[in-house]
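The sequence and structure are shown first.

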Amino acid sequence: MEDSGAILCQISSFKDMLDQVNEEIEANIQATREIESQIVKCTEVESALAARESELMRTAYALQFEIDGLMRVYAGSETSLKHLDEKICCLRTRRDEILMSMNNRRDAFMASCLAFQNEVSVKDNDEVCTLLAEKELLQNEVHSLNKKTKALESSTAAFVEEVLEDLQHTTSALDVEIRSGNIENEKLLKDIDEIKKTLSSLMLARTQEMVILLCFPFKLSV
């Protein structure tokens, strides 16, 4: 009996130990599950971070490409600006040269005009007087021609008015004659219609008499 009690005690202690081991195993399993869930969460976060990193890299590449393009455009515009500055400088120099040349030519032209005016005033007074006299004569001739032209225009206008009046009178007379001719024609047409009616009635009577003569010759002779 003592051996059986000892065995039961050992079995009980072993059971307690086994229960404790099972509890520790379940605790380890729970801890393992929590660790696995944390690992899954970390993997998801890592995947999201990798996708975000990839998107940011693409954005960075696109921005770098745009920056390179803008840098090239800036370099080209800077070169164009330098060329434009050079052209502007050349044009300003050319403008100054042209202005200087124009001023020199103007001064030379003014000097030549003054010299010509002095020569004309000193040497050619007679020619100028002659030209002025010819000018006055021509102006007088033009004035007389204008008077003759006006007189001719007035006479022509009067002649045209007379011709127009004659035409109007002639047209009126022709209208009257045409109207009277139309009236006479209407009368003649009426007379012709009456003559036609008379002839047709005479022809009808004559025809009836001929028919009677042909149908009843003996009766008429008796």
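## Salt bridges in the predicted model

Glu97 has a relative accessibility of 44% and therefore counts as partly exposed. The model is a predicted one. Glu97 takes part in a salt bridge with Arg94, in which the closest N and O atoms are 3.7 Å apart. Arg94 and Glu97 lie three residues apart in helix H1, so about one helical turn separates them.

In total, three salt bridges are counted.

| Salt bridge | Closest N and O atoms |
|---|---|
| Arg52 with Glu55 | 3.7 Å |
| Arg94 with Glu97 | 3.7 Å |
| Arg95 with Asp96 | 3.8 Å |

The pair formed by Arg52 and Glu55 also belongs to helix H1, which comprises residues 2-123. Because Arg52 and Glu55 are three residues apart in this helix, they are separated by about one helical turn. Arg52 is partly exposed, at 47% relative accessibility.

The remaining pair joins Arg95 to Asp96, with 3.8 Å between the closest N and O atoms. For Asp96 the relative accessible area is 41%, which places this residue in the partly exposed class.

As to why such pairs form, side chains of opposite charge can pair when their charged atoms come close. A salt bridge is counted here when the nitrogen and the carboxyl oxygen lie within 4 Å, and the contact of 3.8 Å between Arg95 and Asp96 is accordingly included.

Key:
Residues numbered from 1 in each chain as written. Predicted model: local features only at pLDDT ≥ 70, side-chain atom pairs only at ≥ 80, totals over all residues. Heavy atoms only, no water. Salt bridge = Lys/Arg side-chain N within 4 Å of Asp/Glu carboxyl O. Helix = DSSP H or I, 4+ residues; strand = E, 2+ residues; numbered from the N terminus. Buried < 20%, exposed > 50% of the residue type's maximum accessible area, 1.4 Å probe, protein only.
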